[in-house]
Amino acid sequence: MGLADLIRSDLDRFAQTFFLRGQSHSGRKILIESLIFKAGFQAVLLYRLSNWFFKKGCIYTAWAVARLNVFLTGAEIEFNAEIGPGFFIAHPVGIVIGRGSVVGMRATIFQGACLTVRSWRPEEIRSFPRLGNDCVLFAHSMVMGGVSLGDECVIAAHSVVGEDMPAGSLAVGSPARIVPENGREMVRSWRA
């Protein structure tokens, strides 16, 4: 998928918020408001640009755009993280997505959420989370280390996940207690 297609898929996710709130939403209005006023969309757009530069071999430019993202939006999304189409950030301040993280399609992330390593030990420093499609990370949640989350997983606010989660699970607490199927029910109810 090319850069323009990825950005279009991300913008479509932001368009859903206009619809859900019952706001008038022309394509032009959504584009202009998202570019100028929506820090979450700006964070996603700057990540896409930094990742595009990285894939083109322009490492310093990728790094510069990623640092600009931190400065403008408060989101630290490493340029070499892999994030699928339809990425939605509600509020970007404090978000950290580490360089080896892999995130599936239609991810939703709220403020302060982190995808990071478990420790600085040599055997763990390169071990980042892998998220399936349609995962939701609520405010100040954390997924640490080389864990895998299946599709439609939900991480509750302030929860800390350090183990694999089967598809459709809900994680609650610190350390997280995994509740099978509750995540899937929540994600699907939000789409209705």
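Strands β12 (residues 154-155) and β14 (residues 170-172) run parallel and are joined by two bridges. Across this pairing, isoleucine 155 has alanine 171 of β14 as its bridge partner. Helices (H or I, at least four residues) and strands (E, at least two) are DSSP runs, numbered from the N terminus, and two strands pair if DSSP finds at least two bridges between them.

This is a predicted model, in which local features need pLDDT of at least 70 and side-chain atom pairs count only at pLDDT 80 or more, while totals for chains, interfaces and linings use all residues. Residues are numbered from 1 along each chain as its sequence is written, and side-chain values use heavy atoms, with hydrogens and water left out.

The β12 and β14 strands belong to an open sheet of six strands, ordered β3-β6-β9-β12-β14-β15, with mixed pairing. At its edges are β3 (88-89) and β15 (177-179), each of which pairs on one side only. A further open sheet has four strands in the order β2-β5-β8-β11, and its pairing is parallel. Its edges are β2 (82-83) and β11; each has a single partner strand, so one side of each is left without a neighbour in the sheet. Strand β8 (residues 130-131) pairs with β11 in the parallel sense over two bridges, and arginine 130 stands opposite serine 148 in β11.

The largest nonpolar core has 36 residues, and those with the most contacts inside it are Ile77, Phe87, Ile97, Leu137, Val143, Leu149 and Ile155. Two or more residues of this core are given by each of α1 (3-21), α3 (39-55) and β3. Helix α3 supplies the largest share, five residues. A nonpolar core here is a set of buried Ala, Val, Leu, Ile, Met, Phe, Trp, Tyr and Cys residues joined through side-chain atoms within 4.5 Å. Buried means under 20% relative accessible area, exposed over 50%, and partly exposed in between (1.4 Å probe, protein chains only).

On the surface, Leu31, Ile32, Leu35, Ile36 and Phe37 form a nonpolar patch with about 500 Å² of accessible area together. Such a patch is made of residues with over 30% relative accessible area and no salt bridge, with nonpolar side chains (Val, Leu, Ile, Met, Phe, Trp, Tyr) joined within 5 Å and like charges within 9 Å. A salt bridge is a side-chain nitrogen of Lys or Arg within 4 Å of a carboxyl oxygen of Asp or Glu; accessible areas come from the Shrake-Rupley method with a 1.4 Å probe, and for residues only the protein chains shown count as cover. Leucine 35 sits in helix α2 (residues 27-37) and counts as partly exposed because its relative accessibility is 41%.

With a disulfide taken as a pair of cysteine sulfur atoms within 2.5 Å, the count is zero. The closest cysteine sulfur to that of cysteine 114 is in cysteine 135, 16 Å away and so too far for a bond. Cysteine 114 is buried, at 12% relative accessible area, whereas cysteine 58 is partly exposed, at 32%.

Some backbone details lie in loops. The peptide bond from serine 174 to proline 175 is cis, with omega near -5 degrees, and proline 175 lies between β14 and β15. Glutamate 152 has a positive phi near 55 degrees; this residue is in the loop between β11 (148-149) and β12 and is buried, with 6% relative accessible area. Glutamate 181 also has a positive phi, about 70 degrees, although it is not a glycine. Its loop runs between β15 and α5 (182-191), and glutamate 181 is partly exposed, at 38%.
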